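Dear colleague,

I am handing over the structure below, and after it I have written out what was found, going through it one part at a time. Please keep the structure open beside the text as you read.

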Amino acid sequence: MKLANVTLKTKIRHRNEINHTFSVLPLPARRILFMAIAQIDSKRLIEQGQVFRITANEYAMIANIDISVAYKQMKDGANELQHSVISIPKSQLLEPLYRPGQFYKPIKTKKNASDSIRSMNLTEFCDYVESEGYIDISFTRVIEPYICRLADGFTTQVLLSAARLTETNASSLYQLIRKNISSGKVSYFDIGVDELKDELNLYRIEGEEKIYLHAQFKDFNRDFLKKNVDTINRVTEIKDLSFEIVERVARKATRLRFTYSVERDLESEEDNFLQEGGAGVGSRMRDINEISEHGDEIPYGFKGSTKEKPEPQKPNSEIPQGFRGGSKKKQNFE
């Protein structure tokens, strides 16, 4: 799609494996990346060597900033994005998407160490042309399976919301909420406090030890949760966002529940992946929490399920009596 045609319904989609990389990008780089991804049809393979252009006017309009600020952020963002990498455990790497006529060289499947990480560039190039006010971007081949031909395991975000959240922490929390909505949890989800901090990069590594930030929950609540929940409610399509403690261990908060609603008019029909009675206008999007409580296996047919499609029942192939080749005995109706 063209960025000039962006609406409140314009979405960006990407595999969950790269959420961490996106959440730690500087604001200008993150905005440029999202505006480029918004131009991709996530169901199709992008063209080989395809270039995505973002103009200063488009950047300013989508980010809701002054044009002079847009020029500066684009210049900084292009440089940041070109030097950004995506780091993924080698056990989770996706095969490159190959095109007809191309030589296929599958990823080697030799056993890797459990902590083996591969770092890959996000872009082939980022050209910033200040005199004409635009950036041209081309994605690397290895990033393609994470941003196009998506079928499952991806996060959907609203472009205008993602681009207008200026704080990294608010952006990371918004992305986490949209990840859960994309998996079918359309009204709430539960998450451990440490798991939440892992998702939001709220930790540091000292030697071989992981040290979580905001060790006291009252500090976490005051300095992080309340502030960013208020920001998301104010800036994005997520409304009525709140949280509560649902589990304590030795009086310490260990598990939270986030509840929210989504402005229905801003959700396009194709986003209603889980619907009662099949897809269709007016049907209610099903919340996976309604059919699968925490710890239960998600049934086949619902987003997030790992179950395989059941084998269809084979029809009775026996030829009835009275037809050529039939072997069934004639029924006695006396």
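**A buried loop residue**

With a relative accessibility of 4%, Leu25 counts as buried, since the cut-off for that word is under 20%. Please keep in mind that this is a predicted model. Leu25 is placed in the loop between helix H1 (19–23) and helix H2 (27–37). If neighbours within four places in sequence are left aside, the residues in contact with Leu25 are Arg30, Leu33 and Ser84. Leu25 and Val85 are 60 residues apart in sequence, and their C-alpha atoms are 9.6 Å apart in space.

Val85 belongs to strand E3 (residues 85–89), where the side chains alternate. In a regular strand, side chains alternate between the two faces of the sheet.

In soluble globular proteins, nonpolar side chains tend to be buried together. The largest nonpolar core here has 72 residues, and those that touch the most other members are Ile137, Phe139, Ile177, Leu196 and Phe258. Helix H2 gives the most to this core, with 7 residues. What is Ile137 in contact with, once neighbours within four places in sequence are left aside? Its contacts include Ile32, Ala36, Val51, Phe52, Leu81 and Phe125, and also Gln50 and Thr123.

**Another buried residue**

Ser161 sits in helix H6 (residues 159–164). Is Ser161 buried or exposed? Its relative accessibility is 5%, so Ser161 counts as buried. Apart from neighbours within four places in sequence, Ser161 is in contact with Tyr174, Val235, Thr236 and Glu237.

**Salt bridges**

Side chains of opposite charge can pair when their charged atoms come close. In this model the count comes to 12 salt bridges. One of them joins the side chains of Glu199 and Lys179, at 3.1 Å from N to O. Glu199 lies in helix H8 (residues 193–199) and Lys179 in helix H7 (residues 168–182), so this pair ties together parts that are 20 residues apart in sequence. Glu199 is partly exposed, with a relative accessible area of 28%, and Lys179 is also partly exposed, with 24%.

Another salt bridge is formed by Asp219 and Arg222, whose closest N and O atoms are 3.3 Å apart. Because they are 3 residues apart in helix H9 (residues 217–235), Asp219 and Arg222 are separated by about one helical turn. At 21% relative accessibility Asp219 counts as partly exposed, while Arg222, at 52%, counts as exposed. The side chain of Arg222 also meets that of Asp223 in a salt bridge, at 2.9 Å from N to O, and Asp223 is partly exposed at 34% relative accessibility.

**Two residues with positive phi**

Most residues other than glycine have a negative phi. His214 is a residue other than glycine, yet its phi is positive, near 50°. His214 is found in the loop between strand E10 (209–212) and helix H9, and with a relative accessible area of 25% His214 is partly exposed. Asp240, which is not a glycine either, has a positive phi of about 55°. Asp240 lies in strand E11 (residues 238–249), and at 60% relative accessibility Asp240 counts as exposed.

**Confidence in the model**

How much of the protein chain reaches a pLDDT of 70 or more? The share is 75% of its residues, and the mean pLDDT of the chain is 84. Over residues 272–284, however, the pLDDT is below 50, although this stretch has 29 contacts in the model beyond near neighbours in sequence.

With best wishes

Definitions and conventions. Residues are numbered from 1 along each chain as its sequence is written. This is a predicted model: local features need pLDDT of at least 70, side-chain atom pairs count only at pLDDT 80 or more; totals for chains, interfaces and linings use all residues. Side-chain values use heavy atoms; hydrogens and water are left out. Buried means under 20% relative accessible area, exposed over 50%, partly exposed in between (1.4 Å probe, protein chains only). Helices (H or I, at least four residues) and strands (E, at least two) are DSSP runs, numbered from the N terminus. pLDDT is the predictor's confidence in each residue, from 0 to 100. Contact means heavy atoms within 4.5 Å. A salt bridge is a side-chain nitrogen of Lys or Arg within 4 Å of a carboxyl oxygen of Asp or Glu. A nonpolar core is a set of buried Ala, Val, Leu, Ile, Met, Phe, Trp, Tyr and Cys residues joined through side-chain atoms within 4.5 Å.
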